[in-house]
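Hello,

Here is the structure I promised to pass on. My notes on it follow below.

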Amino acid sequence: MKALVYRGPGFKTLEQRPTPILQAPDDAIVKVTKTTICGTDLHILKGDVPSCVPGRVLGHEGVGVVQAVGAACTNFKPGDRVLISCITSCGKCDYCRRGMYSHCRTGGWILGNTIDGTQAEYVRIPHADTSLYRLPDGADEEALVMLSDILPTGFECGVLNGKVENPGVTLAIVGAGPIGLATLLTAQFFSPAKIIMIDLDDNRLQVAKKLGASETINSAKEDAQARVMALTDGLGADAVVEAVGIPATFELCQDLVAPGGTIANVGVHGKKVDLHLERLWAHNISITTRLVDTATTNILLKAVASRKLNPTVLITHRFTLDAILDAYDTFGRAAETKALKVIISPDT
Ligand SMILES: NC(=O)c1ccc[n+]([C@@H]2O[C@H](COP(=O)([O-])OP(=O)(O)OC[C@H]3O[C@@H](n4cnc5c(N)ncnc54)[C@H](O)[C@@H]3O)[C@@H](O)[C@H]2O)c1
Ligand SMILES: [Zn+2]
Ligand SMILES: [Zn+2]
C-alpha cells in the first residue's frame, strides 16, 4: 500500500509499505477513505516530537471502512464505516475509567506517533471497540474527519476547560488556526457574550468573523491587550484560550485574563514560558492544560448530525494520496495558500 513516511527531521516520502495485519485480538484493520494533516504532523517533521521515530507512517485523523477485526473486537465488523479517534483507548485502565483517555496505559496519542498512522491506504487500530466510532447513516465523511482531533481538541481543551459554559462569558481566543477556529465553532454551543479572536493573519481573522467571532484583532498591527480591555470595561476576558503554542502568546493570555478568569492552554509548547505570578497571584485565575481526551466525540457526532455544528467550513483544499506531498506543501504554507484543513482521499 501507499503511505506517507516520516524519514527524520525535514524528510518525508510517499512509499510502498506492507498492508498492516491484525496483531492483537482487539485490533481492527481500517481502509482509510479520508484523512488530513494536523499542525502536530508539522511539529513531528520539524523534529519536535522525539517519540515519533524515522520510518513511522504519519497521520492520526481519518474515516474509513473496517476490513478485518480480531476475535475480541465485538462492536465492529468488516464493512462498517468508522471515524478513527486520534486517541486510542483500552476503556479498561484507571485513566480510561475516569475518562482521561489521552493517558490510557496502553493507548493515548499513539497513531502516527509510536505506531503507524492514517496517512496511508490502510491502518491498524488497536483497542478498536473503544477507539473507533460508527459513522451515522448518510454522514458526510469529510465533515467527520474534523472530529478525529481538532473539534474535540477545541471543545475539550479550550471551551470546556475555559468554563465557557458560564452565562455571559467573554471569550478571547489567541490563534485562529484550525484549533482556534474549532474552539470558536464549539464555543457557540454556549452563546458567550463576546468572542474576540486574535491572530497575525488577516485571512484567518476574516474566516473567524464569518464563523461567529464578534471582534477580531490583528496583534501584529494593534495592541491586543488595549483592544481587549476597551472591549471588556477594562477587565479582560473571562476565558482566554491559547491556541498557538509559543511563549509570546501564552504571555499575551496572561495580559488578557480578567480577575476570576481562566487561561485554557491548548497549544503544544516546545519552549519554557514565564508565568507572571508577581501580578496574577491576587487575580483568582485558573490555568488549565490538557491533551485532548476525545471524551466528547459522541456529543460532537450528534451536534453534526443535528446541524448544530458544521465542520466542513474548515476544509479549504482536497488532494489524492498520490499528491500528499503537495498537500503537505500547501498546508505548510498556509499564510500564502490560505489553507486550513486539507482532505486527502486515498481511493480516488
Ligand atoms: N492540546 C492538544 O491536545 C492539542 C491537539 C492538537 C493540536 N494542538 C496544538 O494546538 C496549537 C494550534 O494548532 P493549529 O493546528 O491551529 O496550528 P496553526 O499553526 O495552524 O495555527 C496557529 C495560529 O496562530 C497564529 N499565530 C502565530 N503566532 C502568533 C502570535 N504571536 N500572535 C497571535 N497569533 C499567532 C498563526 O497565524 C496561526 O493562525 C498547536 O500548538 C498544536 O500543536 C494541541
Ligand atoms: Zn492533531
Ligand atoms: Zn486505557
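N284 sits in the loop between helix 10 (277-280) and strand 13 (286-289); helices (H or I, at least four residues) and strands (E, at least two) are DSSP runs numbered from the N terminus. Before going on: this is a predicted model, where local features need pLDDT of at least 70, side-chain atom pairs count only at pLDDT 80 or more, and totals for chains, interfaces and linings use all residues. Residues are numbered from 1 along each chain as its sequence is written, and chains are lettered from A and ligands numbered from 1 in the order in which they are written.

Phi of N284 is near 55°, a positive value in a residue other than glycine. Most residues other than glycine have a negative phi. N284 counts as exposed, with 10 C-beta neighbours inside 10 Å (12 or fewer is exposed, 20 or more buried, in between partly exposed, with C-beta atoms placed from the backbone). K163, in the loop between helix 5 and strand 8 (170-174), also has a phi near 55°. K163 is partly exposed, with 17 other C-beta atoms within 10 Å.

Now the ligand: where does ligand 1 lie? Domain 1 (2-149 + 294-345) and domain 2 (152-289) both give residues to its shell, so ligand 1 lies between them; the bounds come from an automatic or database domain assignment. Of the 31 residues around ligand 1 (C-beta, placed from the backbone, within 6 Å), G39, G177, I179, G245 and V268 come nearest.

Lastly, V240 touches A172, V174, C253, L256, V257, G261 and I263, leaving aside residues up to four places away in sequence (contact: C-beta atoms, placed from the backbone, within 7 Å).

Best wishes

Note on methods:
Contact = placed C-beta atoms within 7 Å.
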